[in-house]
Amino acid sequence: MAQAAAVAKPPAPPRRRRASATPRRLPYLLIAPAALLMLGFIAYPVVSVFYYSLQHYNPTKPWRNGFAGFDNFVHAFTEDPLFWDTLVFSAKWVIVEVSLQLLFGLALALIVNQTFVGRALGRALVFSPWAVSGVLTSAIWVLLYNSQTGITRYLADMGIGEYGTSWLSDTSTVFSAAIVADLWRGVPFFAILILADLQSISKDLYEAAEVDGASRVRQFVHITLPHLKDAIILSTLLRAVWEFNNVDLLYTLTGGGPAGVTTTLPLYIANTSVDAHNFGYASALTTVAFVILLFCSMVYLRLSKFGGESK
């Protein structure tokens, strides 16, 4: 008995502790405050717009405030001619601006992608306008278009045009003048994105094409453009959305004038909310603009086959 008692029992194996879930959750816990703040800053304005679009809300006329249902939308589509005028001008503005910016941006990207003396300086000069804000851009071009000290003054000195001519005050020239001002700022955006994609194309493809006797034009059509497809689709979509929502440049440059001919839908929304204090109707117009952009973006991506293989 004593010997049996003296024999010690083997120690029990230590229990394995469960792996703590805290280290795996730690990254999500660390980004949670920032994510919640971003969600609040994004979700609250969006929900508020949808809510006020169904309301009559004007702080200067509180006795008229209340639930409106779809009255604001009905008024926009059936009783407000300015809505259709500004929507048509917005479409015209986007189509012309994006098309010209893509054309000139592609040309600039092809030029600065070549090897030449001073290429770094040339690229810096080409890309620098993109760093300028819309308000500063419009301020620069307001000075350039000034009838007393701007371009028209020097043209008149050379016998081209008349003194005192203001391109921003003439309904026949204001659209072209605004287009040129925004081109100066928007072209570098396309040039930057397209240049980045151009540099990813293997030079072996061009060398093989030259051996096969392909001309520069055929190389551009069959090698360069297919590789640039996704970059062009993405850049045009982004720029179209930004140009549609362009308020700062047109507001500072023309104020929507003369006679409202350069008023886009977002600018009309800004005037309706800020100047007329009709936040309910402005929210309804914003909702309509959001639906239009969402629908057009989905159709554009579907038709362009973004991300698909080029044939």
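Modeller: A salt bridge here means a side-chain nitrogen of Lys or Arg within 4 Å of a carboxyl oxygen of Asp or Glu. The model is a predicted one, and a search of the whole structure turns up one such salt bridge. That is where the close look begins. The partners are Glu243 and Arg239, whose closest N and O atoms are 2.9 Å apart. In general, side chains of opposite charge can pair when their charged atoms come close. Both Glu243 and Arg239 belong to helix H10, which covers residues 216-244. They are four residues apart, and that is about one turn of the helix.

The peptide bond joining Gly257 to Pro258 is cis, with omega at about -5°. Ala259 is also found in the loop between H11 and H12. Its phi is near 60°, which is a positive value in a residue other than glycine. As background for both features, most residues other than glycine have a negative phi, and most peptide bonds are trans.

H12 then packs with helix H13 (residues 279-304) at an angle of about 160°, and the two axes are 8 Å apart. Angles over 145 degrees count as roughly antiparallel, so H12 and H13 are roughly antiparallel to each other. The crossing in which H12 passes H13 is left-handed.

Helix H4 (residues 81-112) and helix H8 (residues 174-198) pack at about 45°, with axes 6 Å apart. That angle makes H4 oblique to H8. H4 passes H8 in a right-handed crossing. The residues of the contact of H4 with H8 comprise 22 nonpolar, three polar and three charged.

Helix H9 (residues 203-211) has a feature at its start: a side-chain oxygen of Ser202 comes to within 3.2 Å of the backbone nitrogen of Asp204. Just after H9, Gly213 has a positive phi of about 85°.

The UniProt record supplies some labels. In an unreviewed entry, UniProt lists residues 87-300 as "domain: ABC transmembrane type-1". Over residues 26-54 the chain is 93% helix and 0% strand, with the end C-alpha atoms 42 Å apart. Residues 124-144 are 71% helix and 0% strand, and their end C-alpha atoms lie 22 Å apart.

Notes
Residues are numbered from 1 along each chain as its sequence is written. This is a predicted model: local features need pLDDT of at least 70, side-chain atom pairs count only at pLDDT 80 or more; totals for chains, interfaces and linings use all residues. Side-chain values use heavy atoms; hydrogens and water are left out. Axes are lines fitted to C-alpha atoms, for helices over the stretch in contact, and angles run from 0 to 180 degrees between N-to-C directions. Helices (H or I, at least four residues) and strands (E, at least two) are DSSP runs, numbered from the N terminus. Angles under 35 degrees count as roughly parallel, over 145 as roughly antiparallel, 65 to 115 as roughly perpendicular and the rest as oblique. A crossing is left-handed if the near helix is turned anticlockwise from the far one by less than a right angle, and right-handed if clockwise. Ala, Val, Leu, Ile, Met, Phe, Trp, Tyr, Cys and Pro count as nonpolar, Asp, Glu, Lys and Arg as charged, and the others, Gly among them, as polar. UniProt positions are given in the numbering used here, feature names are shortened, and annotations may be inferred rather than shown by experiment. A polar contact is a pair of N or O atoms within 3.5 Å; within protein, one must be able to donate a hydrogen and the other to accept it, and residues adjacent in sequence count only if both atoms are side-chain atoms.
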